[in-house]
Amino acid sequence: MSKVIERCRVLSQEKLASDVYSLVLDAPDLVRDAVPGQFVSVYSNMADRMLPRPISICDVDKEDGTLRLVYRVVGAGTEEFSHLEKGDSVKVLGPLGNGYTMEDGVQLLFGGGIGIPPMLYLAKTLFDKGVPKEKLHVILGYRDETFLLSEFENIATVHISSDMGTVGRKGNVVELAVEEELTGDIIYACGPKPMLRALGTFAEERAIKAEFSLEERMACGVGACLACVCESKEVDDHSNVHNKRVCADGPVFLSTDVVI
């Protein structure tokens with residue numbers, strides 16, 4: 001699957017929550033081969049910020065050639081991106097990494113925090129492939145404010161939790177899944193490590209195959225620098241140790257292949 005580096009024109013930017021933004025870019029070459037679960041590296045327009053910021057793909061429109069990124073402001077790079085306006089441009093490398101397998105059956109999609117946006121492209125793709133709403137369960141864990149919620153509700157059966165109980169059930173997504181006795185044929189997830197760790201146990205106890213997208217700090221984004229390794233259960237052919245490169249070997253892994 002080819003990746004390209006493209007200077008993309010900003011088509012729109014919208015603030016979805018107190019620190020969450022939706023950025024839509026004109027990126028026809030980049031989105032041509034993009035699949036759910038992949039990410040892009042977005043470069044700063046400031047000369048003193050050399051390293052790009054990895055951001056998961058939230059959605060694409062291959063017919064219109066547009067790329068949608070929903071991100072949280074967490075530092076100087078993403079703060080810069082939040083000020084981009086229609087007509088501005090930004091350099092983007094992608095699509096990077098591997099995506100979800102998208103198998104048949106009852107689907108359980110877990111998204112926590114900023115791991116929610118990549119679940120939207122996956123849910124839309126599964127829905128377009130013919131998975132009905134009653135077999136497409138999306139379990140979302142928010143801090144307090146919701147975002148993208150109505151878009152999920154149009155295509156899936158949505159279950160919500162939040163840290164303080166301001167929306168949905170108070171607690172985390174795994175507690176919600178246990179309480180509602182959710183089960184399925186495949187689990188897809190993206191979110192913080194404690195969530196994925198608990199989901200790994202949840203999946204193992206129920207003998208459900210699970211694929212996790214890992215979040216790590218990245219430098220190059222293409223597997224050369226080894227800055228984003230995670231511990232694996234098998235020896236990596238590239239480094240000959242029990243490591244996997246999240247950017248190149250992932251970010252999507254079988255839950256049974258990595259130690260979280």
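Residues are numbered from 1 along each chain as its sequence is written, and side-chain values use heavy atoms, with hydrogens and water left out. In this predicted model, local features need pLDDT of at least 70 and side-chain atom pairs count only at pLDDT 80 or more, while totals for chains, interfaces and linings use all residues.

Q: Why do the buried residues of helix 6 line one face of the helix?
A: Buried means under 20% relative accessible area, exposed over 50%, and partly exposed in between (1.4 Å probe, protein chains only). Among the buried residues of helix 6 are Met 195, Leu 199 and Phe 202. Seen down the axis, the buried residues line one face because the directions from the axis to their C-beta atoms fall within an arc of 165 degrees.

Q: Which residues are exposed on the other side of helix 6?
A: The buried residues include Leu 196 and Ala 203. On the other side, the exposed residues are Pro 194, Glu 204 and Glu 205.

Q: Which residue of strand 2 stands opposite Gln 13?
A: Strands pair if DSSP finds at least two bridges between them. Strand 1 (residues 4-17) pairs with strand 2 (residues 20-26) in the antiparallel sense over seven bridges. The two form a hairpin with two residues between them. Opposite Gln 13 stands Leu 23.

Definitions and conventions:
Helices (H or I, at least four residues) and strands (E, at least two) are DSSP runs, numbered from the N terminus.
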